[in-house]
Amino acid sequence: MNTAIATDLAFDVRGLRKSFGAQTVLDGIDLSIGRGSVFALLGPNGAGKTTTVQILATLIKPDEGTAVVGGHSIADEPSRVRRIIGVTGQFSAVDELLTGAENLRLMARLRHVPKDGREALIERLLRQFDLVDVANKSAATYSGGMRRRLDLAMTLVGDPQIIFLDEPTTGLDPRSRRAMWDIVRTLVAGGVTLFLTTQYLEEADQLADRVAVLDGGRIVAEGTPAELKAAVGEEQLRLRFATAEEVGKARDVLAAVVPIDLPAGGDELELRVPTPANGAAVRSVLNALAAAGVEPSEVTTAAPDLDDVFFALTGAPTKEES
Ligand SMILES: Nc1ncnc2c1ncn2[C@@H]1O[C@H](COP(=O)(O)OP(=O)(O)OP(=O)(O)O)[C@@H](O)[C@H]1O
């Protein structure tokens, strides 16, 4: 019996909870994600991103809560959910002993792609994912980027409506990361819904229509990347100093000028000061510093990034679990 629920939502998630032993990993997660959009679940290592994906992909069960994925309840119709999703995770489905083409062929059989369409599909995917030249080489010889592309190509066999990408670019070099982003953009143009997890703020910013920030088992913020950035002001002054001592001094001086805790910058020699990017505002910051005898070695203005958003929301920089 098909008890599909009519909805414009690809995901309708209410009150998901999950603990492992005494450790509460998800402490009440609600999500509404429209069809055809890219959603990014952003959080540091150990925040519970993979656990969320595993629950929504019906690989593990939540302790509490409900989720409707592509119109099907994960509790009542897990096999229907499985039929319309594809999952690429940190544990890839690629069989290293097989070639790229053989991996795709195996997946086509598993996904019941009709026999007469299989080879054409495999050729198309090899082309789409730039794997034609290595199609007949064993996957064990592939670079990290090639393996990730093959994994994603395998996920597309069977035309899933919803694709989970669990940290798709972790460990890839910048070039492979950009290549993966381009592939993701092509997928979205084709109409699929993407549920992406990432620790990279820039990745969420680049790809996602909406972002949710997961911290301490809860969603601490949700919105478009632009909305989240707006939460920390439109502009910031980035001040770089020569020594940590100068940074400390500047922090004390600016505490009187800017009435918020200053987030640390990309490294400990940078301070990020939320301020309008106009002459008067910038001058007042620099004058206050000069009066105290602290001179930044470098001054730039920039839009805040999602690192700043994370700091503003949680009072701490993104932290990996210890
Ligand atoms: N099967 C399990 N048994 C016990 N603990 C688990 C299990 N799966 C996950 N955990 C724990 O749950 C927490 C969240 O893990 P999860 O993998 O969901 O985080 P994550 O946000 O995906 O992190 P990462 O970026 O490291 O993959 C971690 O502390 C992890 O050790």
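This is a predicted model: local features need pLDDT of at least 70, side-chain atom pairs count only at pLDDT 80 or more; totals for chains, interfaces and linings use all residues.
**Rings, strands and a few loops**

Trainee: How many aromatic pairs does the structure hold?
Mentor: Two rings pair if their centres lie within 6.5 Å. The number of aromatic pairs in the structure is four.

Trainee: Take F11 and F164. What kind of aromatic pair do they form?
Mentor: Their ring centres are 5.6 Å apart, and the planes make 75 degrees. Angles over 60 degrees count as edge-to-face, so the F11 and F164 pair is edge-to-face.

Trainee: How many residues apart are F11 and F164?
Mentor: F11 sits in strand β1 (residues 9–20), while F164 belongs to strand β7 (residues 162–166). That pair links distant parts of the chain, and the separation is 153 residues.

Trainee: Why does F11 count as buried? And what about F164: what is its relative accessibility?
Mentor: F11 has a relative accessible area of 1%, and buried means under 20%, so F11 is buried. F164 counts as buried too, because its relative accessibility is 0%.

Trainee: Back to F39 and F195. What is the angle between the planes of their rings?
Mentor: The two centres are 5.2 Å apart, and the pair is tilted. Stacked needs under 30 degrees and edge-to-face over 60, with the rest called tilted. The angle between the F39 and F195 planes is 45 degrees.

Trainee: Which strands hold F39 and F195?
Mentor: This pair ties together parts of the chain 156 residues apart in sequence. That's because F39 lies in β3 (residues 38–42) and F195 lies in β8 (residues 193–198), so the strands you want are β3 and β8.

Trainee: On to the open sheet of three strands. What is the strand order?
Mentor: The three strands pair in the antiparallel sense. β11 pairs with β12 over five bridges, and β11 also has five bridges to β13. The order is β12-β11-β13.

Trainee: Which strands stand at the edges?
Mentor: An edge strand here has a single partner, so one side of it is left without a neighbour in the sheet. That describes β12 (270–274) and β13 (298–302).

Trainee: What is the average twist from one strand to the next?
Mentor: The sheet holds three strands. From one strand to the next, the twist averages 20 degrees.

Trainee: Which residue is the bridge partner of R240 in β13?
Mentor: Strand β11 (residues 236–240) runs antiparallel to β13. The partner of R240 in β13 is E298.

Trainee: And which residue in β12 is the bridge partner of R238?
Mentor: Here we look at the antiparallel pairing of β11 and β12. The partner of R238 in β12 is R272.

Trainee: β12 stands at an edge, so why is it largely enclosed?
Mentor: Being at the edge leaves one side of β12 without a neighbour in the sheet, but other parts of the structure can cover it: helix α10 (residues 279–291), for one, lies across β11, β12 and β13. β12 is largely enclosed because the number of its five residues that are buried is four.

Trainee: Helix α1 (residues 49–56) is mostly covered. Which of its residues are buried?
Mentor: Six of the eight residues in α1 are buried. They are K49, T51, T52, V53, I55 and L56.

Trainee: Last one: is S143 buried, partly exposed or exposed?
Mentor: S143 is placed in the loop between α4 (115–128) and α5 (144–156). Its relative accessibility is 37%, and values between 20% and 50% fall in the middle class, so S143 is partly exposed.

Key:
Residues are numbered from 1 along each chain as its sequence is written. Side-chain values use heavy atoms; hydrogens and water are left out. Rings of Phe, Tyr and Trp (its six-membered ring) pair if their centres lie within 6.5 Å; planes under 30 degrees apart count as stacked, over 60 as edge-to-face and the rest as tilted. Helices (H or I, at least four residues) and strands (E, at least two) are DSSP runs, numbered from the N terminus. Buried means under 20% relative accessible area, exposed over 50%, partly exposed in between (1.4 Å probe, protein chains only). Two strands pair if DSSP finds at least two bridges between them. Axes are lines fitted to C-alpha atoms, for helices over the stretch in contact, and angles run from 0 to 180 degrees between N-to-C directions. Contact means heavy atoms within 4.5 Å.
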